[in-house]
Amino acid sequence: MAGDRSGAGPGATSPGGTGDGEPGWWPEVEPFRIKAVERIRRTTRAERERLIEEAGLNLFGLRSEDVYIDLLTDSGTSAMSDNQWAGLMVGDEAYAGSRSFYALRDAVEETMGLPYVIPTHQGRAAENVLFTTLVREGHIVPNNMHFDTTRAHVEHRKAEALDLAGPWAYDPVSEVPFKGDIDLEALERVLCERGASVPLVLLTVTCNSGGGQPVSMANLRATSDICRRHGVPLFLDAARFAENAYFIKRREPGYGSRTIPDIVREMFAYADGCTMSGKKDCLTNIGGFIALRDPDLYQRATVWAVLFEGFPTYGGLAGRDMEAMARGLREVLDEDYLEYRTGQVAYLGRCLAEAGVPIIEPVGGHAVYLDALRFLPGLGREALPGQALAVELYIEGGVRGVEIGTVLAGRDPTTGLDRYPRLEMVRLAVPRRVYTRQHLEVVVEAARRVLARRDGIRGLAFAEEPPVLRHFTARFRRL
Ligand code: F0G
C-alpha cells in the first residue's frame, strides 16, 4: 500500500504531518492523558465458563460487568473528553430554539459544509426520518454496503437495498487500499436501467459491513458525477467519516499534505446530505443527525422528524447531548487523535497476525475482524464457527467480540434456510479513547491461547432460535 504507514508499529515514524518536528521515532501515541477512570473487574476462568453457559453461549446475554475487555461495538462506547463533559453542564434544555442546537448546527456546517441539520436520537433514527421522506415501495437504494439498520429501514419502506461494493470488498486478504469503493460501472448500469426508481444513492464511509474499509476521494467524486448526470441525490452514511478522511490522507495520492478538515469538506462537497450516527465519530454515547443542502427537503423531513423524534431543535436528545456532539465533531478532526485511533486498531491487527491469528486484511478503521473459517478449519459453517470462536475468546480472556456470520445473517425469508454469508467472522471493535495497549495485549494473548487449543473446540447449534434478529437473544448448545 503505497505511502501507507498506518499499519506500522512501535518505533514507527510519525506521518510527519502533525508538526511535532520529530518524525522518525514517535509511535502512534495517545494524544491525551487520563483524568477519570472506570473500574473493570477480572473474572476467573471458572466464573466465565459458568456465566457464558448461563447466557446460553450468547455474548449479548452477558452483563457488561462480567466482561473484562468489551469489544462488542465502537458505537456509543467512546470516552468523552473533559471539554465534552464540560459541555454537558452548559447544555440548553429549551424545547425550542436551544442554544445547544445552534452549537450543533454550526459545528456541522463548519465541518461538513451542510447548512440544514435535524438532530435525531441516533443514526438509525436519522435513516428512519430520511427514508420515510424519500423512499417508497418499489424503490431501489444502491450503497457500497448497507449497514444492518440501514438495510432494515430501506426494506421497511418496501424498497430494495442494493449492495454495489466491488468484488475487491469480498476478498479477505487482498491489500486494496480502498476496499470500501462502490463499483462505478455497476452503479452506472443500475441508474441507466432503473434510475427512475432510485430516490437516492448512499455511500457508507467507512464501509462497516465490509470491515471498516475506506472509500477513496476519487470514488466519492466519480459517484457524485454519476449521480448528478442521472439527477439522483447522493447521501453519505457518515458514521465514521473522520476515520475515512484519515485513510484518504494517508493512502490517496495528492492528499498527504492536505489537512483533515479540508479533506472532510471535500468529501461532503460531493454529497447532497448525510445521515450520521454521533455514537461513532461525534465521540458521544448517544445522538445522531441528518444534514442537508436543500431547504425544501429539510422542510419535508422535519415533518417526519417531529413525528418520530421531537421538535426539530432537539430531535429526541437532551440539549446537553447536542452540546457534546458539537464539541466531539470538532475534536474528531484532530490529526493526532486520528493517527492514534487508526494506529491502535492497526496495532491490534498486526499483533494478532504476528501471533498467527487469521484476520481480514487490510485492517479497517474501527475494528479487527477474525476469519473464523481459517481459525477453526475443522468446523463446517453449519457448526457456527464465528459464534464458537467468540465464546472461546470470552472464556479465555474475558474479551467480548461479536459474531458477524451465519448467526447474524439469519434465515432467508422465502426458503427458510440459513443464509450463509461469504465470510464467517468475529468482529473486535475498539471503543474510542477507552483501552490501552496493555488491554489489547490481553486480547492478543487470549486469541493466541484459543488458537493453540483450536483442535479441541466444538461447534455450536441453536438451542433456542427467535424468528427475527436471532443473534441478540438466541441460545446455543455445544455439538
Ligand atoms: N450506519 C453505520 C455505518 C453504522 O455502523 C451504524 C451502527 C448505523 C448506521 C446506525 O447507527 O447505532 O446510532 O443507530 N453501527 C453500530 C455497530 C451499531 O456496532 O457497528 P446507530
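User: How are the residues numbered, and which pLDDT do local features need?
Analyst: Numbering starts from 1 along each chain as its sequence is written, and side-chain values use heavy atoms, with hydrogens and water left out. In this predicted model, totals for chains, interfaces and linings use all residues, side-chain atom pairs count only at pLDDT 80 or more, and local features need pLDDT of at least 70.

User: How far apart do the C-alpha centres of domain 1 and domain 2 lie?
Analyst: Domain bounds come from an automatic or database domain assignment. Domain 1 covers 45-67 + 334-478, and domain 2 covers 82-331. The distance between their C-alpha centres is 27 Å.

User: What area do domain 1 and domain 2 bury between them?
Analyst: The size of an interface is often given as the accessible area lost when the parts come together. Here buried area is the accessible area (1.4 Å probe) that two parts lose on being put together, summed over both. Carbon and sulfur atoms hold 53% of it, and the total for the two domains is about 2,200 Å².

User: Which residues of domain 1 lose the most area to domain 2?
Analyst: Three residues together account for 26% of what the domain 1 side buries. They are Leu338, Pro362 and Arg432.

User: How many salt bridges are there between domain 1 and domain 2?
Analyst: A salt bridge is a side-chain nitrogen of Lys or Arg within 4 Å of a carboxyl oxygen of Asp or Glu. Lys249 forms one with Glu335, with the closest N and O atoms 3.4 Å apart. Between the two domains the count is five.

User: Are Glu243 and Arg341 buried or exposed?
Analyst: These residues form a salt bridge, their closest N and O atoms being 2.9 Å apart. Glu243 lies in helix α8 (residues 241-251) and Arg341 in helix α12, so the pair ties together parts 98 residues apart in sequence; helices (H or I, at least four residues) and strands (E, at least two) are DSSP runs, numbered from the N terminus. Buried means under 20% relative accessible area, exposed over 50%, and partly exposed in between (1.4 Å probe, protein chains only). Both Glu243 and Arg341 are buried.

User: What is the relative accessible area of Arg381?
Analyst: Arg381 forms a salt bridge with Glu424, the closest N and O atoms being 3.3 Å apart. Glu424 is buried, at 0%. Arg381 counts as partly exposed because its relative accessible area is 22%.
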